[in-house]
Amino acid sequence: MPNLKEKARIIDKDGIRRALTRIAHEIIERNKGTEDLVLIGIRRRGVPLARRLAEKIRAIEGSRVPVGILDITLYRDDLSTLSHQPVVRQTEVNFPIKGKKVILVDDVLFTGRTIRAALDAVIDLGRPRNIQLAALIDRGHRELPIRADYVGKNVPTSRRESVAVHLEETDGVDEVVIMEKT
């Protein structure tokens, strides 16, 4: 694995807060409220983002939106290249998704392969009315015809760069950093 060095901090704690507030308003507006709305965070950093969005939606609308956790490990098309023994964590969607408006939440949208795997995993849970995608960062370089419905920030990157989202819940700090291969 190549060494990475920090190239630039592009979003700080306040920037993440503002982006999630905007996304929450866009979700409410597009779905005409919160009826039949559920959020499902993709492990790992999509989960705290989904929880934060649910809290912002509750603060705006006064209603609670269920939040689920999706593990896509066994749905990945690169599973054999990841590890001989991949670590599978639990999917926790403790509510029916049949007929629901599902918002998938992830930290970074890149090639689209993670989202393709997440779509397969959600469909295995039931048949939602529709599936929408919220991503904190869209860095481009899609390999599949997938786009986010809600984006915190579009960040054009080169293939030599990566985008690291750090969240208080998982990393002790809220920031988005561009890393460069050395």
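1. How are H1 and H2 oriented to each other? In this predicted model, the axes of H1 and helix H2 (residues 46-61) come within 9 Å and cross at roughly 60°; angles from 65 to 115 degrees would count as roughly perpendicular and those under 35 degrees as roughly parallel, and H1 and H2 are therefore oblique to each other. The crossing of these two helices, H1 and H2, is right-handed.

2. The contact between the two helices involves Ile 16, Arg 17, Leu 20, Thr 21, Ile 23, Ala 24, His 25, Ile 27 and Ile 28 on the H1 side, and they meet Leu 49, Arg 52, Leu 53, Lys 56, Ile 57, Ile 60 and Glu 61 in H2. The buried residues of H1 are listed as Gly 15, Ile 16, Ala 19, Leu 20, Ile 23, Ala 24, Ile 27 and Ile 28. As background to such a pattern, an α-helix has 3.6 residues a turn, so residues three or four places apart point the same way.

3. Regarding the geometry of helix H1 (residues 13-30), its 18 residues should span 26 Å at 1.5 Å a residue, which agrees with the 26 Å that separates its end C-alpha atoms. At the N-terminal end, Asp 12 caps H1 through a side-chain oxygen that lies 3.3 Å from the backbone nitrogen of Asp 14, while just after H1 Lys 32 takes a positive phi of about 55°.

4. Leu 4 belongs to strand S1 (residues 4-11) and, at 38% relative accessibility, counts as partly exposed. Leu 4 and Glu 180 are 176 residues apart in sequence, yet their C-alpha atoms are 5.3 Å apart in space. Beyond its neighbours within four places in sequence, Leu 4 is in contact with Ser 162, Met 179, Glu 180, Lys 181 and Thr 182.

Definitions and conventions
Residues are numbered from 1 along each chain as its sequence is written. This is a predicted model: local features need pLDDT of at least 70, side-chain atom pairs count only at pLDDT 80 or more; totals for chains, interfaces and linings use all residues. Side-chain values use heavy atoms; hydrogens and water are left out. Helices (H or I, at least four residues) and strands (E, at least two) are DSSP runs, numbered from the N terminus. Buried means under 20% relative accessible area, exposed over 50%, partly exposed in between (1.4 Å probe, protein chains only). Contact means heavy atoms within 4.5 Å. The expected span of a helix is 1.5 Å times one less than its number of residues. A polar contact is a pair of N or O atoms within 3.5 Å; within protein, one must be able to donate a hydrogen and the other to accept it, and residues adjacent in sequence count only if both atoms are side-chain atoms. Axes are lines fitted to C-alpha atoms, for helices over the stretch in contact, and angles run from 0 to 180 degrees between N-to-C directions. Angles under 35 degrees count as roughly parallel, over 145 as roughly antiparallel, 65 to 115 as roughly perpendicular and the rest as oblique. A crossing is left-handed if the near helix is turned anticlockwise from the far one by less than a right angle, and right-handed if clockwise.
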